[in-house]
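This report describes how two chains are built and how their parts pack together. The sequence and structure come first.

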Amino acid sequence: MTGPLYGLFSQSWRRMISVSNLNKSYSHPDMVLKDVSFKVKKGEFVYLSGPSGAGKTTLFRLLFADLKPDSGQIEVDGLDLMRAQPSRIARLRRRMGIVFQDYKLIPNYTVFDNVALALEIAGTPRRLIQKTVWQVLKVVGVERQLDRLPPQLSGGEQQRVAIARALVNDPQLILADEPTGNLDYEIANEIMNIFNYINSQGATVVMVTHNRALLQRFKRKVFYLDQGILQAYVWPD
Amino acid sequence: MSRTKDYLYPLFKLTGNNIRRHPVINLISISIITIAMLLLALYFLGYSNAARIVSVWRSDLQIAVYLVDGIDAERMSALKNYCRELDEVIRFDYVSKEQALENFKVTLGEDSSFLSGLPENPLPASLELFLDSEVADVDDVERLARQLQRQVGVDEVAYGSRWLRQLFSLLKAVKYFGFLFAAFLSAVTVFIVASTIRLSLYARSETIRVLHLVGATRSFIALPYLFEGVFQGVVASSLALGFAFAGFKHFKIWLQTQAPQWSIAPQLKFFTTLPLLLFLLLGTILGIAGFLLSSRWIQRG
């Protein structure tokens with residue numbers, strides 16, 4: 001179907017991520033991702049899971065154009081990542097929140113500066129930055145660490161700051177790579193509660209994890225990758 | 001206006017962070033650029049002053065025509081008429097033997113007493129010719145001197161322009177050498193700024209990666225480095241001007257004390273406002289050039 005009503009019938013307006021026939025290899029001949037296809041609706045919370053070396057982080061990085069695929073299509077929030085100009089990709093990244101397993105905080109910036117940076121890049125008026133940063137740090141529970149540097153914080157606190165940075169621009173899509181990977185049970189639960197809260201506010205969440213216990217505790221749709229192949233949708237028991 | 005402020009504020013903040021967090025790199029860079037800019041400033045200062053003084057000297061062209069002893073009135077009159085008809089000559093003065101001796105006594109001052117013991121006045125009469133600097137140049141002086149030397153009644157012709165011509169030739173050579181020298185120093189400055197920015201990029205590669213990941217555009221990442229380059233250029237050229245001024249003041253006082261009879265010191269002048277601004281602009285341009293040279297490393301991030 002073509003024409004102006006196509007969008008209504010195709011329901012593409014409900015889709016946040018659309019990946020089709022994605023292939024990716026590095027220098028060695030084995031494919032890391034083989035013909036991967038999946039879709040994520042707006043407002044969904046999905047896991048991307050699988051054993052170590054399955055290609056989860058590669059797929060994660062492809063979703064914000066940190067890597068280029070060998071072939072296939074990736075569309076995120078209506079932007080075709082294969083054809084987008086660097087400036088459009090930068091704009092898309094400002095509309096999404098990305099949480100990394102190794103936090104990726106700037107070590108010589110204070111907690112406040114790390115979080116404020118995302119707002120400054122987005123061109124937020126300076127008068128709003130102070131208040132917004134404080135509010136988001138309060139949501140993740142590290143508002144008292146405002147003036148400290150990341151190396152002075154525990155792993156859990158650093159992860160909260162990284163989540164705060166991802167949330168501060170009020171993104172509609174959150175991508176998180178093993179956000180509880182280095183954390184103990186209690187703190188991992190708290191972090192998961194934060195992601196559940198964000199999702200309940202309408203944000204789409206894609207979380208990479210290989211932690212089966214977590215999948216059992218917080219049941220959501222799972223995309224399971226094994227040896228580069230997206231094998232099945234799995235609903236844990 | 002407010003939007004511009006909101007856009008520029010984080011860029012200046014990042015620039016400030018870059019400079020504050022890499023003080024040693026910036027200090028070394030500014031020091032080396034200051035030395036290069038100081039050499040440039042001293043060259044321009046030396047050249048502009050030398051050129052002005054030589055130009056003043058060149059406009060003060062004179063020829064002394066010494067006459068044979070006992071020249072008769074008719075020959076003297078012919079010689080004066082000959083001088084009067086020369087286009088290059090504005091005026092000439094006749095200095096008699098007696099007047100020449102008086103002048104010599106004044107020049108010698110207290111040491112002139114020995115002249116009283118001489119059996120006769122050894123100094124010749126002369127015609128002092130003043131040339132028009134608009135018409136005559138150093139080459140004309142030599143030509144005129146040769147013509148005058150051939151006239152009957154002329155014993156000897158003296159002119160001070162031979163050394164002046166050599167000085168002028170030397171100044172010309174300095175001018176062309178100076179262009180090469182200035183180009184070399186400018187290239188060195190650009191290279192230093194670029195290297196500093198590159199060092200800073202290596203040191204901050206992880207920060208740059210984070211900036212990319214949280215959605216910073218290339219210009220947002222690159223502009224703080226442009227500001228850093230400009231900062232280094234402006235600070236270094238200002239320091240260089242400050243040191244050059246201090247050096248110039250000391251040299252002027254030293255010259256005035258050591259060689260007051262030359263009357264050179266009062267003629268020495270520091271840069272006026274326009275050259276000062278041009279020099280600061282040069283520092284800024286060199287800073288920008290250094291940034292542009294390193295910008296491909298920024299693109300690689």
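## Helix 6 against helix 7 in chain A

In this predicted model, helix 6 and helix 7 of chain A pack with their axes 11 Å apart and at an angle of about 10°. The two helices are therefore roughly parallel to each other, since angles under 35 degrees fall in that class. Helix 6 of chain A contributes A:G156, A:Q159, A:I163 and A:L167 to the contact. Helix 7 of chain A contributes A:I187, A:I191, A:I194 and A:I198. By class, six of the residues in this contact are nonpolar and two are polar, with no charged residues.

An α-helix has 3.6 residues a turn, so residues three or four places apart point the same way.

## Surroundings of helix 6 of chain A

Helix 6 of chain A runs over residues 155–167. From its first C-alpha to its last, this helix of 13 residues reaches 18 Å, close to the 18 Å expected at 1.5 Å a residue. Helix 6 of chain A is mostly covered, with eleven of its 13 residues buried. The buried residues include the charged A:E157, A:R160 and A:R165, and also A:V161, A:A162, A:I163 and A:A164.

Several elements of chain A pack against the buried residues of helix 6. They are strand 6 (96–99), helix 4, helix 5 (126–140), strand 7 (173–177) and helix 7 (185–200).

Just after helix 4 of chain A, A:G123 takes a positive phi of about 80°.

Which residues touch the most other members of the largest nonpolar core? They are A:V115 and A:A164, in a core of 102 residues. The largest share of this core comes from helix 8 (residues 218–258) of chain B, which supplies twelve residues. Apart from this core lies another, of 17 residues, among them B:I63, B:L67, B:A125 and B:L129. Leaving aside neighbours within four places in sequence, A:A164 is in contact with A:V115, A:V136, A:L137, A:V140 and A:V142. In soluble globular proteins, nonpolar side chains tend to be buried together.

## Contact between the chains

The contact takes 19 residues from chain A and 15 residues from chain B. On the side of chain A that touches chain B, the elements giving two or more residues are helix 3 (86–95) and helix 4 (111–121) of chain A. Helix 3 of chain A gives the most, with six residues. The residues on this side of chain A divide into nine nonpolar, three polar and seven charged.

The secondary structure of chain A comes to eight helices and ten strands. Chain A has 237 residues, of which 41% count as buried. Among its contacts between residues at least 6 apart in sequence, 66% join residues at least 24 apart.

A:A65 lies in the loop between helix 2 (56–62) and strand 4 (71–76) of chain A. With 20 C-beta neighbours inside 10 Å, A:A65 counts as buried. A:Y103 lies in the loop between strand 6 and helix 4 of chain A, and with 22 C-beta neighbours inside 10 Å it also counts as buried.

## Chain B overall and B:K172

Chain B has nine helices and four strands, and along the sequence they follow the pattern α-α-β-α-β-α-β-α-β-α-α-α-α. Of the 301 residues in chain B, 26% are buried. Contacts in chain B between residues at least 6 apart in sequence join residues at least 24 apart in 88% of cases.

Is B:K172 buried or exposed? B:K172 has 11 C-beta neighbours inside 10 Å and therefore counts as exposed. Its place is in helix 6 (residues 161–203) of chain B. The C-alpha atoms of B:K172 and B:Y47 are separated by 9.8 Å, although the two residues are 125 residues apart along the chain.

Note on methods:
Residues are numbered from 1 along each chain as its sequence is written. Chains are lettered from A and ligands numbered from 1 in the order in which they are written. This is a predicted model: local features need pLDDT of at least 70, side-chain atom pairs count only at pLDDT 80 or more; totals for chains, interfaces and linings use all residues. Two residues are in contact if their C-beta atoms, placed from the backbone, lie within 7 Å. The expected span of a helix is 1.5 Å times one less than its number of residues. A residue is buried if 20 or more other C-beta atoms lie within 10 Å of its own, exposed if 12 or fewer, and partly exposed in between; C-beta atoms are placed from the backbone. A nonpolar core is a set of buried Ala, Val, Leu, Ile, Met, Phe, Trp, Tyr and Cys residues joined through C-beta atoms within 7 Å. Axes are lines fitted to C-alpha atoms, for helices over the stretch in contact, and angles run from 0 to 180 degrees between N-to-C directions. Angles under 35 degrees count as roughly parallel, over 145 as roughly antiparallel, 65 to 115 as roughly perpendicular and the rest as oblique.
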